[in-house]
Amino acid sequence: MRLDKALSLAGHTRSEARRLIAQGRVQVSGAVVRDAGRNVSSGDVMLDGAPIDAQEEIYLMLHKPAGVVTATEDKRLLTVVSLLPEIYQRRKIGPVGRLDRDVTGLVLLTTDGQLAHRLISPRWKAEKCYRARCEGALDANDVAAFAGGLMLSDFTAAPARLEILESGETSLADVILTEGKFHQVKRMFAAVGHPLITLQRLRIGCVTLDEALAPGEYRLLTEAEIAGLKKMSDLDGGCI
Ligand code: URA
């Protein structure tokens with residue numbers, strides 16, 4: 001790839017990259033190079049003597065707080081992308097699917113449009129796990145209703161697993177499903193007479209929300225997490 005492209009994959013704008021190169025701060029295989037168009041391998045490029053971190057694609061997880069919209073831009077409200085450092089925003093990173101504004105938990109963000117598409121496509125059926133706090137006492141009838149495929153006003157939900165963790169005046173449960181229609185989990189709980197109080201997404205496929213992340217914090221996905229997501233989306237051989 002071109003030298004200025006390698007620097008832009010490390011988070012510099014093209015004009016910054018050209019300036020750094022012109023200032024003699026960029027080395028390729030140990031020698032200063034002043035030609036922004038030089039064909040390089042990103043692993044050979046150093047800036048001020050340190051290797052650059054040029055990533056072709058970026059994959060992150062964010063612990064979405066309540067009140068933030070799952071979008072790249074919004075005129076009034078904070079977005080999941082606005083919670084990330086500038087270096088990622090410049091790379092045109094976007095969220096995979098969406099969570100409602102009041103819903104918290106795992107949001108994946110990536111520059112890899114093909115993977116993002118497959119993770120939300122009904123064809124690849126990525127499993128999602130949500131933790132729900134709802135009104136009233138959940139019981140075995142609710143488990144059976146979720147497993148049987150709930151009829152909602154405009155569609156019948158595919159069978160989903162409901163795992164009750166607490167049951168009482170309010171209940172806590174995990175729900176595992178492969179669909180992602182508008183307000184789906186809220187509507188499923190409302191359909192069995194247990195309106196939701198809070199909802200948090202804990203997992204998408206093989207990627208679980210990192211407990212070390214406080215709301216608003218993010219981290220890069222590990223190689224194993226990326227490989228797992230690609231494997232379940234038939235995008236490569238995967239290696240986990
Ligand atoms: N189901 C919902 O109702 N809302 C979400 O944000 C995600 C799933």
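1. Basis. The model is predicted, so local features require pLDDT of at least 70 and side-chain atom pairs count only at pLDDT 80 or more, whereas totals for chains, interfaces and linings use all residues. Residues are numbered from 1 along each chain as its sequence is written, and side-chain values use heavy atoms, with hydrogens and water left out.

2. Cavity. The structure holds one cavity of 30 Å³ or more, and the largest cavity contains about 40 Å³ of space. A cavity here is a set of points, on a 1 Å grid over the protein atoms alone, where a 1.4 Å probe fits but cannot get out. The volume is the space filled by probe spheres set on the points, with grid points joined across faces, edges and corners.

3. Cavity lining. Lining residues have an atom within 4 Å of a point; for the largest cavity they are Y59, L60, V96, L108, L109, T110, L115, L119, L221 and L229. At least two residues each come from β5 (59-64), β7 (104-110) and α4 (113-120), and β7 gives the largest share, three residues. Helices (H or I, at least four residues) and strands (E, at least two) are DSSP runs, numbered from the N terminus. By class the lining has nine nonpolar, one polar and no charged residues. Ala, Val, Leu, Ile, Met, Phe, Trp, Tyr, Cys and Pro count as nonpolar, Asp, Glu, Lys and Arg as charged, and the others, Gly among them, as polar.

4. Aromatic pairs. There are two aromatic pairs in the structure. In one, the ring centres of Y88 and Y218 lie 5.9 Å apart with planes at 75 degrees, so the pair is edge-to-face (rings of Phe, Tyr and Trp, its six-membered ring, pair with centres within 6.5 Å; planes over 60 degrees apart are edge-to-face). This pair links Y88 in helix α3 (residues 86-89) to Y218 in strand β13 (residues 218-220), 130 residues apart. Y88 is buried at 14% relative accessible area, while Y218 is partly exposed at 28% (buried is under 20%, exposed over 50%, partly exposed in between; 1.4 Å probe, protein chains only).

5. Second pair. F146 and F189 are also edge-to-face, 5.1 Å centre to centre with 65 degrees between the planes. F146 lies in helix α5 (residues 140-148) and F189 in helix α6 (residues 184-191), 43 residues apart. Relative accessibility is 0% for F146 and 0% for F189.

6. Cysteines. Zero disulfides (cysteine sulfur atoms within 2.5 Å) are found in the whole structure. For C129 the nearest cysteine sulfur, that of C206, is 14 Å away. C134 is buried at 0%.

Key: On a 1 Å grid over the protein atoms alone, a cavity is a set of points where a 1.4 Å probe fits but cannot get out, and a pocket is an open set with protein on both sides within 12 Å along at least five of seven lines; lining residues have an atom within 4 Å of a point. Rings of Phe, Tyr and Trp (its six-membered ring) pair if their centres lie within 6.5 Å; planes under 30 degrees apart count as stacked, over 60 as edge-to-face and the rest as tilted.
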